[in-house]
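Please examine the sequence and the model shown below before reading on. The explanation that follows is meant to be read alongside them.

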Amino acid sequence: MTSHTWRVQPEGTAHDDRYDARADCHRRLRGPYTGLGTLLRALVPDAHRARPELVARHAVEILSAAPELKDLIGAGPQTLTSLAVPNERTRLYPAKRTRRLAHGIIEFLHGHARERGHALALRFDRVDEADHTDQEFLAILLRRALPDLVTVTVHTGGADLIPELTTALAAHATHTIAQRPDEHENLTDHHKLALAYVESDGTSPDPAEQAAYRHVDAAERARLHDQRAAELRRSGDWSLCLGAIPYHLEHGSDREAAADAFLEAAEYLVSMGFYHSLLDVAGRGTALMDPAEEPRKYWMLGTKVTTALSILGRPEEAERRYIELRAMFDQPMLHIFSGYALAMLYTRYYPAEHKDHQLAKAHLNNVLAMASLLPDHDQRVFQSVFNRNGLALVELQLGNPTEALRLVSTGLADIDRELPAEKHRLHRSVLVHNRGRVYTVLGRLEEALADIDTVIELDPNYPDYYFDRADLRRRMGDLPGALADYSESITFAAPFWEMHYNRADLRLELGDLAGAIADLGYVLELEPEELDARINLASLLREQGDAAGSLAQVEEGLRHHPGDARLLCARGLLALDAGADQAALRDFDLALNAEPDLVSALANRAALVLETGDHRTAVADLTRALAIEADNPDLLYNRGYVHQSAGDWESARRDYTAALMLPGADRADLLRQRAECHLALGDPTAHQADLAAAESAASSPNAVADPVRVS
């Protein structure tokens, strides 16, 4: 029985219940996180009084959704990215940043509810009119909210929702259809009705208000919008600049003010990683402009659209839009910006089959030629350095790390020599970080570590650097240092499933099985569709003897990934453990139908059919597996064992001999098995020699007499 409610009210919302917080989510009001921001403005003041450390821990997430709370809770931890002025911002957040913010807010809500001692009852209205950020947040909240801590009521009007929210509502909320009572005051004053519509910021569902607004004289309508925009500006709430204020200016009398408002909003949205809203705002802004009269504003907004399209996984649309802009204008900076962006499409954003690193390199060389002609010294230096950094990425993709290192190092030297130290601090740190990554590719790990240490000193609140340093320390054999870096990042970053996934792997290497299981479980709490984490967790639970827990993970994984071969194979292994050989065989068959080259399924099916005496199928499966993993000594051992069981002593001896040549082979067992082959083939001297060698190599007195399972 779910604790959440989904009410569909085609004509609007009712006012019949009491909630701890209630939010109108219509994106026209405040843009991204309209609903969540309203919720936080209601809850955070109490939370800050009761548990300021809880608020501080989630300050980045809170301020991303409700920037007005900065005066109450402070600015939160800053990074060079967040501090950079717009024309020096060279790092863009990934699209998944909003998911991390959502997870962090949910953990704040859980903490606040625990402090209060009872569940928070939250209501979200007009969710089908909400921005993608609010809908994504609600989808995750419905799935993750602990019912004794948070209950959610979602109201929609019947319009489409993003697929993730539709799925979450169906799975986690009771669905009802509610009727809205008639709340209209039966006004007949058309001017008051039109004014009411404008004062609703264009969100009123009242048909009378909508009709009156449409019939007001155009000049009067524009005056009402101008008046409302000025009133909202006086309130001082920044988030209104992302929704209602641009909307009113868009329909007001001052087109230049409207264009500036959209450009201001777009700059903020791109800096925060709110790309769905950016598409809307930048598109509406360009629609207001005459490109001939305002070319710079037009193409600056246009390139915001293309940035959003690129990051949201729509590179073909981005390229078409870049080409349109390049055809429309001859401004050098547009061609420099868009040339770099086109290169990134072909070296980073396009899928593998569409990537073209040589074309990317051609675009960047063209940009570098233009940058060298810029009249302003500082701009010429920076654009040359920035685009050589892009060229270094392409050279890495082309397999030329030495040239990539030269480009990055030269750029860093140029920017340090030619520009004042206070300028482009963010990009200087990016160059040092990138140099460290190139050193890593080259195997110059000490130099790589020195560079990562430097960027952490320069930008200590940027969590990705700790992630990179942890990976590097692990590669260098400093496992405690790597663990410390993962844990340090987790303490101040919004929940970041990749960090927990990597820490789980490290904990496993350190022998901390409980810690690894906890981290993998948390990964799946954050993102249930992460298949590798699901498979790894199921495998660890099986190894721990928790067959029921392992099977639950496998079945849940199959719900998200029906027919996945690795999950089917994992289920087959559990059936094999339980002695259900026929069920295991069915799952191995299903796995191989889905993925014919899955080695674990081939090896384990071979072991099963061997027990029935089907040597031919067992050999065929193991031969196929060895075609994929030719240097796997366990597979050679298993095939040798099958040959031996069939009386094919020479083939068995060849496989055992080949396995002995490979690293990781169990020499004692292989030598014992080969000794049996020598004896059967009439070579007692070789038989005795192998037995003696086996005794010398043995780490245990017990020989393995059965095929090895490949999990």
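The paragraphs below treat the sheet, the nonpolar cores and the salt bridges in turn.

The model is predicted, so that local features need pLDDT of at least 70 and side-chain atom pairs count only at pLDDT 80 or more, while totals for chains, interfaces and linings use all residues. Residues are numbered from 1 along each chain as its sequence is written, and side-chain values use heavy atoms, with hydrogens and water left out.

Helices (H or I, at least four residues) and strands (E, at least two) are DSSP runs, numbered from the N terminus. An open sheet is built from five strands in the order β2-β3-β4-β1-β5, with parallel pairing; two strands count as paired if DSSP finds at least two bridges between them. In general, strands of a sheet pair through backbone hydrogen bonds, either parallel or antiparallel. At the edges lie β2 (21-24) and β5 (173-177), each of which pairs on one side only. On average, neighbouring strands of this sheet are turned by 15° against each other, direction ignored. Within the sheet, strand β1 (residues 4-8) is joined to strand β4 (residues 150-156) by four bridges, and the two run parallel. Opposite arginine 7 stands histidine 155 in β4.

Helices pack on this sheet. Helix α2 (residues 34-50) touches β2 and β3 (120-125), and its direction makes about 150° with that of β2. Helix α8 lies across β1, β3 and β4, running at about 140° to β4. For these angles, axes are lines fitted to C-alpha atoms, for helices over the stretch in contact, and angles run from 0 to 180 degrees between N-to-C directions.

Which residues have the most contacts inside the largest nonpolar core? They are Leu40, Leu109, Phe124, Phe137 and Leu141, in a core of 136 residues. A nonpolar core is a set of buried Ala, Val, Leu, Ile, Met, Phe, Trp, Tyr and Cys residues joined through side-chain atoms within 4.5 Å; buried means under 20% relative accessible area, exposed over 50%, and partly exposed in between (1.4 Å probe, protein chains only). Helix α14 (residues 255-272) gives the most to this core, with 11 residues. A second, separate core has 46 residues, including Val554, Leu598, Ala601 and Ala652. Leucine 40 is in contact (heavy atoms within 4.5 Å) with Pro45, Ile62, Ala65, Ala66, Leu69, Ile105 and Phe108, leaving aside its neighbours within four places in sequence.

Side chains of opposite charge can pair when their charged atoms come close. A salt bridge is a side-chain nitrogen of Lys or Arg within 4 Å of a carboxyl oxygen of Asp or Glu, and the whole structure holds 58 of them. One joins glutamate 107 and arginine 144 at 2.9 Å, N to O. This pair links distant parts of the chain, 37 residues apart, with glutamate 107 in helix α7 (residues 97-116) and arginine 144 in helix α8 (residues 132-144). Glutamate 107 is partly exposed, at 23% relative accessible area, whereas arginine 144 is buried, at 5%.

Other salt bridges lie within one helix. Arginine 223 and glutamate 220 have their closest N and O atoms 2.8 Å apart; because they are three residues apart in helix α12 (residues 218-235), about one helical turn separates them. Glutamate 403 and arginine 406 meet at 2.7 Å, N to O, and both lie in helix α21 (residues 401-418). Finally, a network of salt bridges links Asp453, Arg469, Arg473, Asp478 and Asp485.
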